[in-house]
Amino acid sequence: MSTTYTAHTVIGVKLKKQQLTANAMMRSCECVSGDPAAKYCSYCGKPMYTSKEVWRLKAMEDDQLTGNIRLVQPYHGCDDYFAGMVLSCDARWSSAHNEGWNFEHWPSDKVIQDLKVALCDLLTPFGLWDKREFGIYTFVGTS
Ligand SMILES: [Zn+2]
């Protein structure tokens with residue numbers, strides 16, 4: 001028996017889930033029509049609107065933000081998200097083999113600088129850019 005560890009690294013920024021989401025009033029039911037000003041749906045009787053948590057950036061509903069920038073949640077339920085370039089290790093680390101991790105395609109300084117500019121452009125309109133959060137983050141998983 002051995003435990004297998006995997007590692008993923010994100011070059012980018014850390015964001016809290018509450019920075020990325022907002023509450024919006026959304027239609028409660030899927031009825032096609034009904035008076036939008038009414039408190040309850042005249043077809044099914046449910047309240048017309050309920051407050052739902054939505055992603056502030058439409059693209060954040062999937063994990064591909066733009067170009068090579070992705071949004072990553074290290075594990076389900078984690079409050080931290082990371083936006084940036086994802087590097088995955090090619091080799092898995094095993095406690096039986098002690099191989100270590102090897103990132104074969106480390107980006108050049110220019111790629112990292114371009115990434116920083118792209119993240120700034122993407123996140124600034126939402127008030128989410130903080131250059132102090134730009135860095136290298138690694139997550140380790142076990143199986
Ligand atoms: Zn309805």
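Leu57 sits in the loop between β3 and β4 (64-66); helices (H or I, at least four residues) and strands (E, at least two) are DSSP runs, numbered from the N terminus. Leu57 counts as partly exposed because it has 18 C-beta neighbours inside 10 Å. On this scale a residue is buried if 20 or more other C-beta atoms lie within 10 Å of its own, exposed if 12 or fewer, and partly exposed in between, with C-beta atoms placed from the backbone. Along the chain Leu57 is 69 residues from Phe126, yet their C-alpha atoms are separated by 8.3 Å.

The model is predicted: local features need pLDDT of at least 70, side-chain atom pairs count only at pLDDT 80 or more, and totals for chains, interfaces and linings use all residues. Residues are numbered from 1 along each chain as its sequence is written. The pLDDT value is the predictor's confidence in each residue, from 0 to 100. Its average over the chain is 82, and 79% of the residues score at least 70. Among the elements, α2 has the highest mean pLDDT (94) and β7 the lowest (54).

The chain contains 2 helices and 8 strands. Read from the N terminus, the order of elements is β-α-β-β-β-β-β-β-α-β. Of the 143 residues, 9% are buried. Two residues are in contact if their C-beta atoms, placed from the backbone, lie within 7 Å. Among contacts with a separation of 6 or more, 60% join residues 24 or more positions apart.

Next comes the interior. In soluble globular proteins, nonpolar side chains tend to be buried together. A nonpolar core is defined here as a set of buried Ala, Val, Leu, Ile, Met, Phe, Trp, Tyr and Cys residues joined through C-beta atoms within 7 Å. The largest such core has 11 residues, including Val10, Ile69, Phe82 and Leu119. Two or more residues each are given to this core by β1 (4-16), β5 (69-72), β6 (80-88) and α2. Strand β1 supplies the largest share, 4 residues. Ile69 is a core member, and beyond its neighbours within four places in sequence it is in contact with Ala83, Gly84, Met85, Ala118, Leu119 and Leu122.

Strand β2 (residues 21-27) is another case. Of its 7 residues, the number buried is 0, so β2 lies largely in the open. Strand β2 pairs with strand β3 (residues 49-55) in the antiparallel sense over 7 bridges; two strands pair if DSSP finds at least two bridges between them. Ala22, for example, has Val54 in β3 as its bridge partner.

The loop between β2 and β3 holds Gly45. Gly45 counts as exposed because it has 9 C-beta neighbours inside 10 Å.

Asp79 lies in the loop between β5 and β6 and is exposed, with 9 C-beta neighbours inside 10 Å. Asp79 and Lys16 are 63 residues apart in sequence but 5.9 Å apart in space, C-alpha to C-alpha. Leaving out residues up to four places away in sequence, Asp79 touches Lys16 and Lys17. Trp106 is placed in the loop between β7 (93-94) and α2 (109-123). Trp106 counts as exposed because it has 11 C-beta neighbours inside 10 Å. From C-alpha to C-alpha, Trp106 and Leu87 are 7.9 Å apart, and they are 19 residues apart in sequence.
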